[in-house]
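User: I would like to learn how to read a protein structure, feature by feature. Can we go through one together?

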Amino acid sequence: MRGRNPEIARGVDWAVIAIYLMLVSIGVMSIFAATYRDESILQGFLSLKTDYSKQALFFVISMVLGVFILLIDSKLFTATANLSYVAGILLLLLVFPFHTEVKGTKSIIRFGTFQLQPAELCKIFVNLALAKYLSQLETDFHRLKDQLIASALVLLPAILAIFQSETGLALVYFSFFLVMYREGLPSVVLVVGISLMVLVIATLLLDPNLLAGILTALALAAIYLFRKSFRRNRGLLFIIIGCWVVSVGIQRFAVPILFEKVLKPYQVQRIYATVGRDFVVDPETMTEEDIRKMEDRKKATTYNVKQSKIAIGSGGFLGKGLMKGTQTRYDFVPEQRTDFIFCTVGEGFGFIGSAVLLMLYLLLLMRIVQIAERQRSTFSRCYAYGVASVIFSHVLINIGMTVGLVPVIGIPLPFMSYGGTALLTFTVLLAILVRLDADRLMNLR
Amino acid sequence: MPLYHQSRQTVIQGIFLVVFVILIIRLFVLQILSPQYQMQAMDNAVYRSIVYPDRGIIFDRKGKPILENTLTRELMILPNQLRGVDTAGLLAILGIDTAEFRQRLVAAIVKNGRYRPTVFEPSLTIEKFVKLQESMFRFEPGFFLQERPIRTYPYRAAAHILGYIGEVDSTILRRTNFFYQMGDYMGLSGLERYYEPVLMGQRGVSYQLKDNRNRIVGAFENGKYDTAAKAGRNLRTYLDMEIQVMAERFFANKLGAVVAIEPSTGGIIAMASGPTYDPNQLTGPQRRRNFSWMLSDTARPLFNRAIKGQYPPGSTVKPMGALIALDQGVISPEYGYGCGGAYVACGRPIRCSHAGGGHAANLRNALANSCNSYFCHIYRMSVDKGQFGGVANGYVRWQQYANSFGMGVRLGLDLPSEDKGFIADTGFYNRMYRGVWNSCNNVFLGIGQGEMTATPLQMANLMCIIANKGFFYTPHFVEHIDGRGIEDTILQRFGRKHEVTRISRDAYEAVQLGMQDVVDHGTAWVARIDGITMAAKTGTAENYGIINGKREKLEDHSWFVCFAPRENPKIAVAVVVENAGFGATWAGPIASLIVEKYLNDTLRTHRLKEVERIASKEIILPVIRQKRQRLDSIRRARAEALERSVTGNRDGRATDLSTGRVKVPPAPGIVHDVSKHAGRPAQGGGPVPTEGHRLHKVAIIRKDEGTKS
């Protein structure tokens, strides 16, 4: 009934809503394909006991909630942004005394049958608060102080999430740096960040001496290329030499120290497994419990990724067809409905289906960036970039994990994975964006 | 700074694009460039199960099945999966108590370990099986039911012929290039082995979908790729089970063998080796124990003496000597020899059972009276014949004759591991006599002693040649195979006629008449059957064994070979009874009864008594019997101990079973004689060392020397 209200419909971006509806539908269908057994379909949906019927119910609830959000005045979001952030952090802190441990994560509070994961929910609040801070008139994002405050806003929940064993969600909070980059964070930060990632991965993959050789060769090549500039610009030579020293230092000392002293053995092992290397156990530095824990995890994670790759790989070009996937139908892939839902699409619809799904996500992200850039208010723009960053990091980590490019990190695929909290969170994120976009001519602060 | 922001927007969009391109490339690699994932998915989710066809049945000549396929139902235990099993319920159904349950569990773990299934209760009755099946969910996965096809033998006979089936071992797996798989059964001996490709049928394959816990969830692609199993093909044999059963009765308590062949086809009517055993003993749960018991039996029931027993043929070989001499033209049927009771031409006299009276006035008489002098003489005439220029060349010719009669060569019947007997070659004599020897040195060959042994099969085949007047078909069991298949070439070689040199029919006629006289008024009169003209030859073969380190002369082997009716031969028989004395005493009556039963299809009443008399007579050397009895008592003790353990004896004695083996003290017995002649194969009734026989050092080597007829 409310859908006909011209107040709601005006200015709404139908493209985003269409992609959203498509993705959630594909998600429900995939969960159905993975978990449907021989029961009557109608009964299965009506009973609300099957996973796919529950997800369908969450879909309905999400849409109602979405419509409800579209009815809210946009000013409410700016007004409550800081408050909600504080509330979110408080919720995150409440987790420590009141959490219930479920499948190795310590991030869930349980009220009866209802489970709440504040770290998941908090993404909305952090996004709002960051947008609010960046859009304040007194904020000059070219100042280091403001950059540090913005980073702290993002890093606080990330650190709390790490303490709750939710590495995946912590990584998602890091994606807010994309928003800060858009708002003027120096490119150097991004370049250095990406370079560091490349260097660390290269350190894991390559022989230390070979890598040192390559780095030296690169440095010498740079010096040779810029040899004529040195006379005019003395500093360039020092920058190149400095880069070389830092790089070699990182690959020679920092990474080994990080892996041996800072990270837990099972974490190291997981990272090694992703790049396809065996982690050699050093019995002297590890306790027996560590070794056992690592062995258990190794079995589980390598099995998960192997099964996931088999499922996706066996899909071939056209896929086996809906419900015909032998791997996803018969529980070979663990966490089939939740974190590994992409396998169902990969096996059932093959390369074509997977590529189309990825295209939908890319289209959504591009559309959100487009929406962001047409906002009059900085708040809305920052918020939109935040939504894009969150969705992007989720898709990257989740699909990267299922195809074996990223370590196994439990994190849902936006709109598709089974789970009420995740679906509601993403729906709310997107609904607020659509609501803000409808008021794109307003100047919100 | 719109340009500035414009570029940042582009950078962010670029990052998105690059990451998605990387993901799509990765998907391309996984889904299109890596076909191995499809294989792995199949391995994961598709269960390939072999559907075993029924093995072919073997029928006798009257169309009665000699063996059948039946299912045995077993309760299996998987010791590492016992948690949560309703043991009390299981005990109630099986009717055993906890103490016995524990003992059986321990026994199972000792036998196969914790992770492999072991038979917990074999041969379940139908009632128990049904009860267990109903409530199996309470006992899984620690227990499960299993049906296994086994062979049963309604006649309890023909064990040596049929052989047995057993699980393939790793050697067979490798040799067959993994055509068989672990756990498959295949024929391991006898006809089961020889006709394995025919009997086994064609295995079917069925593809089924399974889930992550290996539970079958349905057919794969609706069975599109399944292939059906094709049942094994049946064998129709020449065997006459009534004859076979009777023959085995005779040899239940004797050592020796009988072979009966249909001369016109080479089809084997009966083949028994004494002592016999019930083939049902080598199926089912007791198979292993029974097998090892039989292996350790001094009388060696597993040894098929009909094709592997090597005996000096004695006088039964005389017709062959006569045929050779006739063919070489050194004698005519009218040729006579003045025997004065011994052959003295070679120094030490060779005794003859007759003296004077013209008992060797012609070939016919000499055969009928089995004159040793006559056959020694014609043997020497054969090898010393002038045109050969020396005994060595003459002997080579004689040996060729013997080989063409099937002596000293493998006949190639359709059973594995036939032995070829022994006919010495000139090289053998050169070594034995350092190059200087003459026809006197091996004159015993003329009367079937000396450097010569033959299997009962070879002697029966020799009778076929004489009955057929100069040809034979390779002896074989299988007449035809039901259905059609590429394996049919397996039977082709049995249809080929083997002509034996160019000996004239007249020569055969003369020999046949002589052999008829043997029955009518010669040494084999006991074998006479009213209304049937039989041609026969008795043999009484001297043999030696080494008992407790001393070479001793043993009781003579009793030989009898015959065919009947003489004019139109339908059956040729060779019988040897070890250490039973004169050929006419035991071997003759046995052959006679077999011929009568086969030709008349029945026995007259007074002859039935004869059957009982022979069947109940035990003829086993005392030294072998002692050893046997000792082993028997040990077995009884073990069986009782087992009985105690099964019925739940709680005094602890039963545990001796699994740990303490009853030690068998070495009995005074017969030790293996290492033949004094280098390179000489084992002779006489001696064993060919097989795996089983290595287990104990008791065996007999019989040496054949001296003369007697």
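User: How many residues lie between β21(B) and β22(B) in their hairpin?

Analyst: There are 6 residues between β21(B) and β22(B). Before going on, note that this is a predicted model: local features need pLDDT of at least 70, side-chain atom pairs count only at pLDDT 80 or more, and totals for chains, interfaces and linings use all residues. Residues are numbered from 1 along each chain as its sequence is written, while chains are lettered from A and ligands numbered from 1 in the order in which they are written.

User: What counts as a helix or a strand?

Analyst: Both are DSSP runs, numbered from the N terminus: helices are H or I with at least four residues, strands are E with at least two. Chain B has 23 helices and 22 strands.

User: How do strands pair?

Analyst: Strands of a sheet pair through backbone hydrogen bonds, either parallel or antiparallel. Here, two strands pair if DSSP finds at least two bridges between them. Take β21 of chain B, residues 550-564. β21(B) pairs with β22(B), residues 571-577, in the antiparallel sense over 7 bridges. Phe560(B) has Val575(B) in β22(B) as its bridge partner. β21(B) also pairs with β20(B), residues 535-547, over 12 bridges, again antiparallel. There, Gly539(B) has Trp559(B) as its bridge partner.

User: Which residue in the turn between β20(B) and β21(B) has a positive phi?

Analyst: Asn548(B), with a phi of about 50 degrees. This hairpin has 2 residues between its strands.

User: What is the strand order in the open sheet of 3 strands?

Analyst: The order is β4-β3-β5 in chain B, with antiparallel pairing. β4(B), residues 118-121, and β5(B), residues 143-152, each have a single partner strand, so one side of each is left without a neighbour in the sheet. The twist averages 55 degrees from one strand to the next. β3(B), residues 68-77, pairs with β4(B) over 3 bridges. One bridge partner to find is Val119(B) in β4(B), across from Met76(B).

User: How do I describe two packed helices?

Analyst: Two packed helices are described by the angle between their axes and the distance between the axes. Axes are lines fitted to C-alpha atoms, for helices over the stretch in contact, and angles run from 0 to 180 degrees between N-to-C directions. In chain B, α10 (241-250) and α20 (587-600) pack at about 165 degrees, with axes 10 Å apart. That makes α10(B) roughly antiparallel to α20(B) (under 35 degrees is roughly parallel, over 145 roughly antiparallel, 65 to 115 roughly perpendicular, the rest oblique).

User: Which residues of α10(B) meet α20(B)?

Analyst: Two residues are in contact if their C-beta atoms, placed from the backbone, lie within 7 Å. Glu242(B), Ile243(B), Met246(B), Ala247(B) and Phe250(B) meet Ile590(B), Ile594(B), Lys597(B) and Tyr598(B) in α20(B).

User: At what angle do α17(A) and α18(A) pack?

Analyst: The angle is about 150 degrees, and the axes are 10 Å apart. So α17(A) is roughly antiparallel to α18(A). Among the residues making the contact are Tyr383(A) of α17(A) and Leu433(A) of α18(A).

User: How many residues does each chain give to the contact between chain A and chain B?

Analyst: Chain B gives 26 residues and chain A gives 33. α1 (2-31) and α2 (36-45) of chain B each supply at least two residues of chain B's side. The largest share of that side, 14 residues, comes from α1(B).
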